[in-house]
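Hi there,

Here is the structure I promised to pass on to you. Have a look at it, and then read my notes below.

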Amino acid sequence: MVVLAVVLAVFGVKESVRAWQMRRDLRAVERELTTLRGQQADLAKTVERLRTDPLYIEKLAREEMGMVREGDTVLKFPSQGSPGPR
């Protein structure tokens with residue numbers, strides 16, 4: 001009987017630790033899911049703007065691709081660290 005009680009006690013502790021670890025992992029996965037849902041919502045908004053907002057597309061083209069509209073004046077500055085004209 002004593003051996004059986006010890007075996008059950010050890011098994012119970014082991015399973016309690018395992019259950020605690022699983023709850024901790026579940027909370028981490030739930031936090032990650034919340035983050036991913038937020039990112040998905042942001043991306044859906046961006047997709048909608050890309051489909052419907054020509055000014056947003058122009059803004060991205062200018063800022064990210066360095067594109068200019070005909071008639072724009074482009075000013076080029078030397079990059080930091082490069083020597084100026086001699």
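Contact here means heavy atoms within 4.5 Å. Helices are DSSP runs of H or I with at least four residues, strands are E runs of at least two, and both are numbered from the N terminus. This is a predicted model, where local features need pLDDT of at least 70, side-chain atom pairs count only at pLDDT 80 or more, and totals for chains, interfaces and linings use all residues. Residues are numbered from 1 along each chain as its sequence is written, and side-chain values use heavy atoms, with hydrogens and water left out.

The protein has two helices and zero strands. Its radius of gyration (taken over C-alpha atoms) is 30 Å, well over the 12 Å from the globule rule (2.2 Å times the number of residues to the power 0.38) for 86 residues, so the protein is more spread out than a compact globule. Its C-alpha atoms fill a box of roughly 95 × 45 × 10 Å along the principal axes.

Where do α1 and α2 meet? Thr-46, Arg-49, Leu-50 and Thr-52 in α1 touch Pro-54, Tyr-56, Ile-57 and Leu-60 in α2.

As for burial, 3% of the 86 residues count as buried (under 20% relative accessible area, with a 1.4 Å probe and protein chains only).

Enjoy exploring!

Notes: Buried < 20%, exposed > 50% of the residue type's maximum accessible area, 1.4 Å probe, protein only.
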